[in-house]
Amino acid sequence: MIANYFPGHMAKTKREIIENLKLIDVVVEVLDARIPISSHNPDLDNIIKNKKRIVLLNKSDLAQENDTKKWVDYYKKNNVTAVIVDANSGKGIDLSIKAIKDIMKEKLEQEAAKGKIGKSIRIMIIGIPNVGKSSYINRATKKISAKVGNKPGVTVQKQWIKLDKQIEMLDTPGVLWPKFQNDEIALNLAFTGTIKDDVIERTEVVYELLKKLSTAYKQDLIDRYNLNESDINNNIAELMELIGQKRGALVSGGKVDLEKTARIILEDFRTGKLGRITLEKVK
Ligand code: G4P
């Protein structure tokens, strides 16, 4: 069911991205720092080919700081600049702008040597839904927000927003649909909310989330739900019941409302109340 979640839009948006890319110097790919692999669409590499690319590890406020740093090193080893960003607070926006300039420095110098001075850098934000593309655009443009180019109402033209003296950004991000290459990726996208909750079996998703967290983030569960060490064992169904009881998610008769419990746990995970959690680590 999940695999067929996004069919209709895919081809059209991909075509649009390819069309827009002709105008672009640097592609800025937004990833979710908690799931850098699952939030990367592998098609992107084919689509952008040899274009310059930088990666933004967004939602870094929700990920483990150490793990995010390891991801930055990982990308560096693969010759990709990655910048740690929290688009909600604005952290990392300036660094990302600097990274865009740095990656273009050599090319601009070469062009300047040929007499083409003062050329601007044109960028496009790309990523799967829910990684924070719009939040990044809003944050980055709040600093300056000078629209360049066309008049209101003329929607066929591209809108460029000046980020600073040198950088112009296409105002609409390129949306790529996630790839559900295996269950683990689909689950990660369900945990983080990229796959909307109305198409998932929430209790099953949370069961899988608890299974993951009960090994790698045991202490966070204990702290958040006031549990004992011994409550966290292989019996995930019991653990979910217990959390429901602790949080008062009950139906009449005192039975645990598992659907409500699942909502609570998902919300806690997504808002960071369960702690900073990186689901995909550098191997
Ligand atoms: P998109 O354009 O890539 O689809 O993503 P968008 O910016 O709409 O962000 C998706 C959700 O992620 C939003 O939450 C947004 O606030 C949140 N978000 C974006 N960047 C960050 C970040 O760096 N840290 C954290 N913690 N959250 C981030 P929402 O609940 O859907 O909307 P809202 O209630 O915040 O408005």
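Lys 52 is partly exposed, with a relative accessible area of 30%; on this scale, buried means under 20% relative accessible area, exposed means over 50%, and partly exposed lies in between, for a 1.4 Å probe and protein chains only. The structure is a predicted model, in which local features need pLDDT of at least 70, side-chain atom pairs count only at pLDDT 80 or more, and totals for chains, interfaces and linings use all residues. Residues are numbered from 1 along each chain as its sequence is written, and side-chain values use heavy atoms, with hydrogens and water left out.

- Lys 52 belongs to strand S2, which covers residues 52-58; strands (E, at least two residues) and helices (H or I, at least four) are DSSP runs numbered from the N terminus.
- Once neighbours within four places in sequence are set aside, Lys 52 is in contact (heavy atoms within 4.5 Å) with Asp 25, Val 26, Val 27, Ile 103, Met 104 and Lys 107.
- Between Lys 52 and Val 27 there are 6.2 Å in space, C-alpha to C-alpha, although the two are 25 residues apart in sequence.

**The chain as a whole**

- The protein chain contains ten helices and eight strands.
- Its C-alpha atoms fill a box of roughly 75 × 35 × 30 Å, taken along the principal axes.
- Of the 283 residues in the protein chain, 46% are buried.
- Among contacts between residues at least 6 apart in sequence, 69% join residues at least 24 apart.

**Helix H1**

- Helix H1 (residues 10-21) has twelve residues and reaches 17 Å from its first C-alpha to its last.
- That span is close to the 16 Å expected at 1.5 Å a residue, where the expected value is 1.5 Å times one less than the number of residues.
- The buried residues in H1 are Thr 13, Ile 17, Asn 20 and Leu 21.
- Seen down the axis of H1, these buried residues fall within an arc of 105°, so they line one face of the helix; the arc is that of the directions from the helix axis to the C-beta atoms.
- On the face of H1 turned away from the buried side are the exposed residues Lys 12 and Arg 15.
- The cover over the buried residues of H1 includes strand S1 (26-32), helix H2 (43-48), strand S4 (121-127), strand S7 (167-170) and strand S8 (174-175).

- Helix H6 (residues 183-192) is mostly covered, since seven of its ten residues are buried.
- Those buried residues are Ile 185, Ala 186, Asn 188, Leu 189, Ala 190, Phe 191 and Thr 192.
- S1, H7 and helix H10 (258-271) are included in what covers them.
- Arg 202 lies in helix H7 (residues 202-216) and is buried, with a relative accessible area of 12%.
- Not counting residues up to four places away in sequence, Arg 202 touches Asp 197, Glu 259, Ala 262, Arg 263 and Leu 266.

- The largest pocket has a volume of about 290 Å³.
- On a 1 Å grid over the protein atoms alone, a pocket is an open set of points where a 1.4 Å probe fits, with protein on both sides within 12 Å along at least five of seven lines, and lining residues have an atom within 4 Å of a point.
- Grid points are joined across faces, edges and corners, and a volume is the space filled by probe spheres set on the points.
- The pocket is lined by 16 residues, of which Val 72, Ala 82, Val 83, Ile 84 and Leu 95 lie nearest its centre.
- Helix H3 (65-77) and strand S3 (81-84) are the elements that give two or more residues to this lining, and H3 gives the most, with five residues.
- The lining divides into six nonpolar, five polar and five charged residues; Ala, Val, Leu, Ile, Met, Phe, Trp, Tyr, Cys and Pro count as nonpolar, Asp, Glu, Lys and Arg as charged, and the others, Gly among them, as polar.
- Thr 68, found in helix H3, is buried, with a relative accessible area of 3%.
- Leaving aside neighbours within four places in sequence, Thr 68 is in contact with Ala 33, Leu 57, Ala 63 and Ile 84.

**Positive phi angles in loops**

- Lys 59, in the loop between S2 and H3, has a positive phi of about 60° although it is not a glycine.
- Lys 59 is buried, with a relative accessible area of 17%.
- Asn 226, in the loop between helix H8 (218-225) and helix H9 (236-246), has a positive phi near 55° and is likewise a residue other than glycine.
- Asn 226 is exposed, with a relative accessible area of 60%.
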